[in-house]
Amino acid sequence: MTPKNPMQDAVRTLLAGLGEDPDREGLDKTPERVEKALRFLASGYGQDPRALINEALFTVSYDEMVVVKDIDVFSMCEHHLLPFYGKAHVAYLPNGKVVGLSKIARLVDMFARRLQVQERLTVQIAETIQEVIQPNGVGVVIEAMHFCMMMRGVEKQNSIAVTSCMLGGFRDRQPTRGEFLELIRRTSKPN
């Protein structure tokens, strides 16, 4: 079978390098499936964060904290090309503008759908919100489990990595930071 493109050719080479026959039943369509999966998992590269947010930016006179918590995060570790997954919690202090809540979750997805390290992902979300919305502060916390730690290396299946990025009022005012951290700790959901 002739490879259809360089990405599929690379997958066939990897399979052969592992001692497999890339043409055997069960693996013959794997290069195509892997390419499709990787293109989806890395689809964030083709998106513009400013365009994503700007279409849902509204002038509102509200200056209390806005928190969107427990946003599912699925990303790929750039070091081993293995998944990491968890929850993102994002908050900001509006300064005359609010953003549609779904855009925050979409922004998380956009940056997560790139080869990542959790630390960079956390900062990219916070800095983009700060730059585009220009709030009085932004807080982002991500809690995630990494398959590169679970399936290989140290093999610690219950370890959770926690990263945070606090900007503006979240960095400068401990009570604001404390309120955010307390709000994301709560586990109750609305009825």
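Is Glu20 buried, partly exposed or exposed? In this predicted model, Glu20 counts as partly exposed because its relative accessibility is 35%.

## Salt bridge of Glu20 and Arg24

The side chain of Glu20 meets that of Arg24 in a salt bridge, with an N to O distance of 2.9 Å. Arg24 counts as partly exposed as well, its relative accessibility being 37%.

## Other salt bridges

A search of the whole structure finds 9 salt bridges, and one of them joins the side chains of Lys87 and Asp72 at 2.4 Å, N to O. This pair links distant parts of the chain, since Lys87 lies in strand β3 (residues 83-93) and Asp72 in strand β2 (residues 66-77), 15 residues apart. Lys87 is partly exposed at 32% relative accessibility, and Asp72 is partly exposed with a relative accessible area of 41%.

Arg186 forms a salt bridge with Glu182, where the closest N and O atoms are 4.0 Å apart. Salt bridges with shared partners join Glu182, Arg185 and Arg186 into one network. Within it, Arg186 is partly exposed at 45% relative accessibility, while Glu182 is partly exposed with a relative accessible area of 35%.

## Packing of helices α4 and α5

The axes of helix α4 (residues 101-112) and helix α5 (residues 118-133) come within 10 Å and cross at roughly 135 degrees, which makes α4 oblique to α5. The crossing of these helices, α4 and α5, is right-handed.

On the α4 side, the contact is made by Leu107, Val108, Phe111 and Ala112, and on the α5 side by Leu121, Gln124, Ile125, Thr128 and Ile129. The residues of this contact comprise 7 nonpolar, 2 polar and no charged.

Terms used
Residues numbered from 1 in each chain as written. Predicted model: local features only at pLDDT ≥ 70, side-chain atom pairs only at ≥ 80, totals over all residues. Heavy atoms only, no water. Axes fitted to C-alpha atoms, helices over the stretch in contact; angles between N-to-C directions. Helix = DSSP H or I, 4+ residues; strand = E, 2+ residues; numbered from the N terminus. Parallel < 35°, antiparallel > 145°, perpendicular 65-115°, else oblique. Left-handed = near helix turned anticlockwise from the far one by under 90°. Contact = heavy atoms within 4.5 Å. Nonpolar A, V, L, I, M, F, W, Y, C, P; charged D, E, K, R; others polar. Buried < 20%, exposed > 50% of the residue type's maximum accessible area, 1.4 Å probe, protein only.
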